[in-house]
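The sequence and structure come first.

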Amino acid sequence: MPSPTNPRINGNRHAFSSVELSINGRRYKGVKEISYDDSLEGERVRGSSPVGLGVTQGDYDANGSITLYREEFDQLTQDIGDGYGEVEFEITVTYAARGAPTITDRLPANRLKKVENSHSQGAEALEIKLELMVIGVIERNGRRLVRRDQ
């Protein structure tokens, strides 16, 4: 049952077809997969007691990957330019489905860490997998895992 603060119209939820990917403001339609994660690894602080005294804030880390079709990969490398693995860029992922709230995630600073071409015989379109080094703090609909990026 939908909550009064988040009603659903006709039961619509976000699906992959509701995802829009933009890199440096340009929208890319030929996206097969987008994946990103972040973590905050704190450490338990112990003294001479078996009970922990507290925890450290820890280190923030973020990673991501995108699988593009060949044509979109070629457009991306043309947009970024030669040395495309050395250039920082912003990624915006928007989830917009009819009857569902629009959600926007932002990966503010990224670089390409690995580019993988792996093709085989068959009718499928050629794909290029991009492994990202996510440098900035990921924002999920305006919220971040950590409050500051110092």
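With which side chain does the side chain of D38 make a polar contact at 2.9 Å? The partner is the side chain of Y60. The model is a predicted one.

## The site at D38

D38 lies in strand β3, which covers residues 31-41. Its relative accessibility is 16%, and D38 therefore counts as buried, the cut-off for buried being under 20%.

Besides the polar contact with Y60, the side chain of D38 makes a polar contact with the side chain of R140, at 2.8 Å. Leaving aside residues up to four places away in sequence, D38 touches Y60, D61, A62, I138, R140 and L145.

Helix α1 spans residues 70-80, and E72, F73, L76, T77 and I80 are buried in it. Viewed down the axis of α1, these buried residues fall within an arc of 135 degrees, so they line one face of the helix. An α-helix has 3.6 residues a turn, so residues three or four places apart point the same way. E71 and Q78, on the other side of α1, are exposed.

## Packing and the end of α1

Which strands do the buried residues of α1 pack against? They pack against β1 (19-23), β2 (26-28), β6 (59-69), β7 (89-95), β8 (103-117) and β9 (127-134).

G81 follows α1 and has a positive phi, near 100 degrees.

Technical notes: Residues are numbered from 1 along each chain as its sequence is written. This is a predicted model: local features need pLDDT of at least 70, side-chain atom pairs count only at pLDDT 80 or more; totals for chains, interfaces and linings use all residues. Side-chain values use heavy atoms; hydrogens and water are left out. Helices (H or I, at least four residues) and strands (E, at least two) are DSSP runs, numbered from the N terminus. Buried means under 20% relative accessible area, exposed over 50%, partly exposed in between (1.4 Å probe, protein chains only). A polar contact is a pair of N or O atoms within 3.5 Å; within protein, one must be able to donate a hydrogen and the other to accept it, and residues adjacent in sequence count only if both atoms are side-chain atoms. Contact means heavy atoms within 4.5 Å. The arc is that of the directions from the helix axis to the C-beta atoms.
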